[in-house]
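Here is a report on a structure with its helices, domains and chain contacts. The sequence and model come first.

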Amino acid sequence: MKILVPVKRVIDYNIKVCIKKDGSDVDLNNTKMSINPFDEIAIEEAMRLKEAGIATEVIAMSCGTLASTDVLRTALALGADRSILVELEHNPEPLAVAKLIKVVCDKEQATLIICGKQAIDDDSNQTGQMVAALLGWSQATFASEVKIDGDSALVTREVDGGLETLKVLLPAVITTDLRLNEPRYATLPNIMKAKRKPLDTFSAADLGVDVSPRLTLLKVLEPTKRTAGVMLENVDALIGKLKTEAKVI
Amino acid sequence: MTVLVIAEHDNKVLKSSTLNCLAAAGELNAEIHLLVAGHQVSSVIEAAKIVSNVAKVLVADAEQYVFHTAENIAELVTSIASTYSHILVSATTFGKNMLPRVAALLDMSQISEIVSVESEDTFIRPIYAGNALAMIQSSDAIKFITVRATAFDAVLDSGGNAEVEMLSATADTLLSEVIGREISAGDRPELTAAAVIVSGGRGLGSEKKYYQLLEPLADKLSAALGASRAAVDAGFAPNDYQVGQTGKIVAPDLYFAIGISGAIQHLAGMQSSKVIVAINKDEDAPIFQMADYGLVGDLFDIVPELVAKL
C-alpha cells in the first residue's frame, strides 16, 4: 500500500503573525516558516504504518512556491521515501490543492492519503474532505487513532462532545488531529540522507489542473484587542466585581 | 435567491448552534430553507418548523443518514444544491467534516468559519488562529459557508410556522459506517453553548487535581469544563475539553482561566468571552494582559475559597 502525505509550508506555530500596514495581507517577510504541525503528525502516522509492514512506500507532496522544498526535505528527513513538489507562484486555494492532490494520487496509485486536518495559516479545514470528494473515496477526519484492518480502516475521530469510531472502506482520506501521535525528531544522519532522496517537480499545467482562484482577499483586518483589566487582592474582591460590576453571577 | 441551512441534530434534539447559523443566514435577507437529514427525526422537525426565520423545512429520513456520515449527507445536499444561492452549516465537527465534500463535488470553493456577513458575496473570517481577520469575496455561483456559532446571536426558536417538505433519500454510498460513539455524558452544558466555562491549564499539575479543583466550581456555576492544549497534552483532561485554535472556539458570558498561562493558541479560542477571570501564580503570565479580572496566588487556596464563598 502506498501512502500519499500532502504537506504545507506555513508560518511557524510559535510566531505571531503581523498584518501589513496597508491591510492588504499578512506580512510573512523574514518570518520563520515550518511544516504545518498537523501535516507532521500525518507523516509520522504514515511512517508508523510503514514500520508496521502495512505501507510499502510513503510519498510526501506539497503545492506552493519553490520555498516549499524545505518542508518536503523535512518530510524526507522524517522518513518519507520520496517527494513531489507542485510548483506554483502563490499558495493555491484548498479546492485547487485538492485537484492537484487527486491527479498526483491517480498517477501514483496510492490507496491512502493522510493529511493534516487544517493548515494553521488560513485555518480552512477543507482540503482532505475535498480530495475525498474528488476521488469518490471515503473520509475519516480529525483522527486520533488509526487501525488498518484488511480492506478498511478503523478510525477514532475527535468529534464535538467526545469520540466516534468510524469504519471506512479503503481507499480513503484520513485527516489528523493533534492527539493521533507525537511526531519523532529528525536525526542528523536522516537530515543528511534526506538531501539525496528524490524530489520531483511539476507545474499545475503539467498536471492539467486549473488553479485560478475563486476567492478574492479584499483586506486583512486586526481583530479587536482586549485590554488588561484590573488585578484584584483577594477572592472577596473578585466575587464583588463579578456580582456588582460585571453582573455575570 | 434562497438560502439553505443544514441543521445539526442527534435525531432527537435540534442543536442550538443551528439557531446561530440561521442568524447568519438571516443577514442575507433571503428566504431560508432548513434541511433536516437523519432517521426518525419527528421531534427535530417539530422544533425546526417553529424556528422564527425558517420558511420551509426539508426532511430526508432514511437509515443511512442516522449517523450523519459525510459521504451520505454530501450526496443528499449535492442533489438539492443547485436551487440555492448560499448553503450554510455551523462550523462544528459535523459541518466542517461534511460541507467541503459537497463544495468539491460541485466544483465550488468554501469559506470557512465566517464571523460576519458583509454582503451576499463578501464575508469576514478569522485566519492565523484569530490573530487576523480576512475579508473574502467569492465568485462562485453557490456560496458554501461554515459559520462560527459564537459570532452570531441565535434566532428565536419559536414563533415560526414553516411548511414541511419530504425529500426522497439518496442511495447509501456504503463508504463508511459509524461503529461506536463515546459522547461524554453528564449534566454539564456543551462547551460551545455554555454561559460559564471553568477552564484549567498545566498549572493544575495532574488529572486528579484538575477534577478535584475545578469540578466543585463548575458545579456551583452550572459551568462547562474546559482545558488548555497544554493540559490536554499532559493528559489532565480529554481532548474534547480543549479550548483554542486547535480545539473549541468559545464565547461564554464568564470564562475562568485557572492555571493557564495564555499561549496564543489558547487565547484564539476564548478571546471573545464577555468577562474573563484569570487565576495564576505567575503575575507575568500573558493571560493577565487580556483578563478583565486577575488574581495572583496559589490556585489550590484560591479556587476552594471561591467555591466556599459563592
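## Domains, interface and helices

In chain B, 8 residues of domain 1 are in contact with 11 residues of domain 2; contact means C-beta atoms, placed from the backbone, within 7 Å. On the side of domain 1 of chain B that touches domain 2 of chain B, the residues are 2 nonpolar, 5 polar and 1 charged. Here Ala, Val, Leu, Ile, Met, Phe, Trp, Tyr, Cys and Pro count as nonpolar, Asp, Glu, Lys and Arg as charged, and the others, Gly among them, as polar. Domain 1 of chain B covers 2-166 and domain 2 covers 191-309; the bounds come from an automatic or database domain assignment. Their C-alpha centres are 31 Å apart.

The model is predicted: local features need pLDDT of at least 70, side-chain atom pairs count only at pLDDT 80 or more, and totals for chains, interfaces and linings use all residues. Residues are numbered from 1 along each chain as its sequence is written, while chains are lettered from A and ligands numbered from 1 in the order in which they are written.

Now the two chains. In chain B, 66 residues are in contact with 61 residues of chain A. The chain B side that touches chain A divides into 33 nonpolar, 20 polar and 13 charged residues. Strand β14 of chain A (215-221) pairs with strand β8 of chain B (132-138) in the antiparallel sense, over 6 bridges. Pairing requires at least two DSSP bridges between the strands. A:Leu221 has B:Leu133 as its bridge partner in β8(B).

Two helices follow. Helices (H or I, at least four residues) and strands (E, at least two) are DSSP runs, numbered from the N terminus. A residue is buried if 20 or more other C-beta atoms lie within 10 Å of its own, exposed if 12 or fewer, and partly exposed in between, with C-beta atoms placed from the backbone.

| Helix | Residues | Buried |
|---|---|---|
| α1(B) | 17-26 | 9 of 10 residues |
| α3(A) | 94-108 | 11 of 15 residues |

The buried residues of α1(B) include B:Leu19, B:Cys21 and B:Leu22. The buried set packs against strands of chain B, among them β1 (2-6), β2 (31-38) and β9 (143-147).

Helix α3(A) reaches 21 Å from its first C-alpha to its last, close to the 21 Å expected at 1.5 Å a residue; the expected span is 1.5 Å times one less than the number of residues. Because 11 of its 15 residues are buried, α3(A) is largely enclosed by the rest of the structure. Its buried residues include A:Leu95, A:Val97 and A:Lys99. Their packing partners include α4 (127-135) of chain A and α4 (93-105) of chain B. A:Gln109 follows α3(A) and has a positive phi, near 55°.

Note on methods. Two residues are in contact if their C-beta atoms, placed from the backbone, lie within 7 Å.
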